[in-house]
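Please look at the sequence and the model shown here.

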Amino acid sequence: MKLTSKRSPMVLVLALFCIALATLVPISPKTNAAFAAESEGMLCTNGTIVGGYRTFNLVATDGYTSEPDGNSIYDWSYGVMGNGFQLPGPILCANTGEVIDITLTNQLPVATSIQLPGFTNVTYNDGISSGAVGPVFDATGAMISLVPQAAPGSSITYRFKANNAGTYVYQSGTDPQLQVQMGLFGAIVVRPAGISVTADDVLNIPYYDGTASQLTNADAGMSAGEAATLASNAKCAYPSINNPAKCDPLAIYDGAVDGENILILSEIDPAIHTFMEQAFTAGDLASLNWNSYPIGYEAHYFMINGRSMPDTLAPNNAPWMPWQPYGAMAHVQPWDVHVNALDALLRYINVGNAAYDFHPHSNHEHVIAQDGALMKGSTAGVVNDNTEEKFNILINPGGSVDATFRWTNEESYDDVNGFRVPVAQPNGPNLNQGSYWSGSPYLGSEGLLNPGVLTKSQCGEYYHVAHNHDLTQVTNYGITFGGMMTLIKVEPPAALQTRMNLKCN
Ligand SMILES: [Cu+2]
């Protein structure tokens, strides 16, 4: 008796320990995404060429994503077959002229599909029937899907030709108000095939000097040799309106891996996700549709590439977010006509249900395309340029916007040659130092910080905020400085990095 009474608390502790261990086991274990290297910039899924078709094998499946406040959200999303769940779905990259096959295998307990806005002549084959995609109706005549769908456990292939370069959405066409909210969305990026950017093209890239006059790189003093070097690093987003064999001068961008970026904007009402999780766990299939949701819609998380600020700043494949593989922080260096005259490209997509007004601080961005169409027209061979410098970039639901960005050193200060514009700083105690402040107003320098201030500066770089201008959406469940926000990292010029032996990555 004595022994037992002495041991009882020990047994209880052990039992509690076992229960604690058991709760650490995921309820629904999922295949982890293939362990991939960290990187910056847009991360493409290229598929494989099978029988002349660019082929993507996707699954629709469920899993969990994390929010910066510690919340874990149950989602549905597309993933690459074999890699399992990820949010958003993979960024599918292709070239103009290619025929694309997307085979979707449905691992969800409800029917689902892929709708491809912006592509024409899409056909499907589900092994039983095939033909042009179109709305699907039930026996009573009610529409149940915008496109043919895959039943749970079955597959469907969609085939279409990538005729035009651009940035496109793909998303569920089945109960889309619910399924897109749950995470069934991704991006398709089509690049123009067969266009190489020449030195002459780079010399003629328009150069906006802040006045009404529009110069070119050549006017700004670029030499032919410099243009040739930059041309070898350049990529093209859209062909010229009048000469499809050439790149449009405003659509030439920095071909470095981090020169091309994507921002897929979305939002989450966590109550819907919890409701669907509970219905799924209970096997209550009738509740896995929009009509069964009993309360009003209210989003509390707002994301870029499936992540909320500050997670947006982490690199692609950050190991602590295995199911949210895409970062959203663009890296640039100061524009320089001699060594760095190619702009960064930012591709925006909105899969939310209202327009988002996105605002990059510091410089305007140059909006060049909307919904996969270059904003230029041609009347009797004369090009009408409707591209525009924008302070606020409006992205409509289901739509896309492409914009270029450059950061210019307006005061022409030059740390390589020791020219500094005088900047008077307040005394330390009067200075509130943010965690992205290097301690110095000069790019490539670091200065003294007040005691207790930890900086995230690596090499005296600048960080510019870029965020949804509806500040209620720059929040994580109501807590500000989160949500649909990221930073643009302006690194010191390459020459200064070399000279000062700066480590910027
Ligand atoms: Cu702001």
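What follows is a set of questions and answers on the chain and one of its sheets.

This is a predicted model, in which local features need pLDDT of at least 70 and side-chain atom pairs count only at pLDDT 80 or more, while totals for chains, interfaces and linings use all residues. Residues are numbered from 1 along each chain as its sequence is written.

Q: What share of the residues counts as buried?
A: A residue is buried if 20 or more other C-beta atoms, placed from the backbone, lie within 10 Å of its own, and 41% of the 505 residues of the chain count as buried.

Q: What makes strands E4 and E11 edge strands?
A: The open sheet has three strands in the order E4-E12-E11, with mixed pairing, where strands are DSSP runs of E with at least two residues, numbered from the N terminus. Strand E4 (91-95) and strand E11 (166-171) each have a single partner strand, so one side of each is left without a neighbour in the sheet.

Q: How do you know that E4 pairs with E12?
A: Two strands pair if DSSP finds at least two bridges between them, and five bridges join E4 to strand E12 (residues 185-191), the two running parallel. Leu92, for instance, has Ile188 in E12 as its bridge partner.

Definitions and conventions
Helices (H or I, at least four residues) and strands (E, at least two) are DSSP runs, numbered from the N terminus. A residue is buried if 20 or more other C-beta atoms lie within 10 Å of its own, exposed if 12 or fewer, and partly exposed in between; C-beta atoms are placed from the backbone.
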